[in-house]
Amino acid sequence: TPTIGVLALQGDVREHLAALTECGVRAVGVRRPSELADVDGLVLPGGESTTMSKLLAVFDLLDPLRERISGGLPVFGSCAGMILLASGILDTRPDAVHLDALDITVRRNAFGRQVDSFETDLDVTGVAGGPVRAVFIRAPWVERTGPDVEVLGAVKGGPADGRIVAVRQGPALATSFHPEVTGDLRIHRLFAEIVREHA
Ligand code: GLN
């Protein structure tokens, strides 16, 4: 059974731990370098990316996390987690951390005031059984994808039509939305599969 960590500095840690546990993996919060060393995969939850940036440094996790990511650690970032995993971030603070796990540029709070938070049905490549209910909360979207990035999902219809909101590059997965709040485990199962493949 793989052990999947959830970065537990800030954000919706509990929801991810619960979803992962339901998927049948061992789920643990990660706050220390020693805890990071023990996981087979890591979830970076939603929350506030600039706050998490600062806390990564405060908790001495930044360098160990960069090392594990360049060593091929499977990672899944949702919302703020996607922002942290990107290689470029638009509309953020100049000192915001980007972990470069995905060759993407994201725009923070991209959907704008009128659609600050919204839900929609989304087809996600690699997720069978019909569309996923996608919950967006002050979410980023992906504005640039590098050649090795696979687009797994984009918004259909409305003012954000065509915007990319789910991507994968090798063992790195990211969604603009929050699969941990819907009770639909399919995205977490997909990540658990990626972790098993890379174990
Ligand atoms: N707007 C937040 C940020 O920029 C992300 C929101 C979320 O994770 N729900 O970090």
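Helices (H or I, at least four residues) and strands (E, at least two) are DSSP runs, numbered from the N terminus. Residues are numbered from 1 along each chain as its sequence is written. The model is predicted, and local features therefore need pLDDT of at least 70 and side-chain atom pairs pLDDT 80 or more, whereas totals for chains, interfaces and linings use all residues.

In an unreviewed UniProt entry, C79, H178 and E180 are listed under "active site"; such positions follow the numbering used here, feature names are shortened, and the annotations may be inferred rather than shown by experiment. These residues are spread over 102 residues of sequence, yet they cluster in space, with a largest C-alpha distance of 11.0 Å.

E180 lies in the loop between β12 (172–175) and α6 (186–198), and is buried because 27 C-beta neighbours fall inside 10 Å (buried means 20 or more other C-beta atoms within 10 Å, with C-beta atoms placed from the backbone). Leaving aside residues up to four places away in sequence, E180 touches D12, E15, H16, A19 and S78, where contact requires C-beta atoms, placed from the backbone, within 7 Å.

C79 is placed in the loop between β4 (75–78) and α5 (80–85), and is likewise buried, since 29 other C-beta atoms are within 10 Å. Among its contacts beyond four places in sequence are G46, I137, S176 and H178. C79 also belongs to the residues surrounding the ligand, which include G46, S49, R108 and N109 (C-beta atom, placed from the backbone, within 6 Å of the molecule).

Terms used
A residue is buried if 20 or more other C-beta atoms lie within 10 Å of its own, exposed if 12 or fewer, and partly exposed in between; C-beta atoms are placed from the backbone. Two residues are in contact if their C-beta atoms, placed from the backbone, lie within 7 Å.
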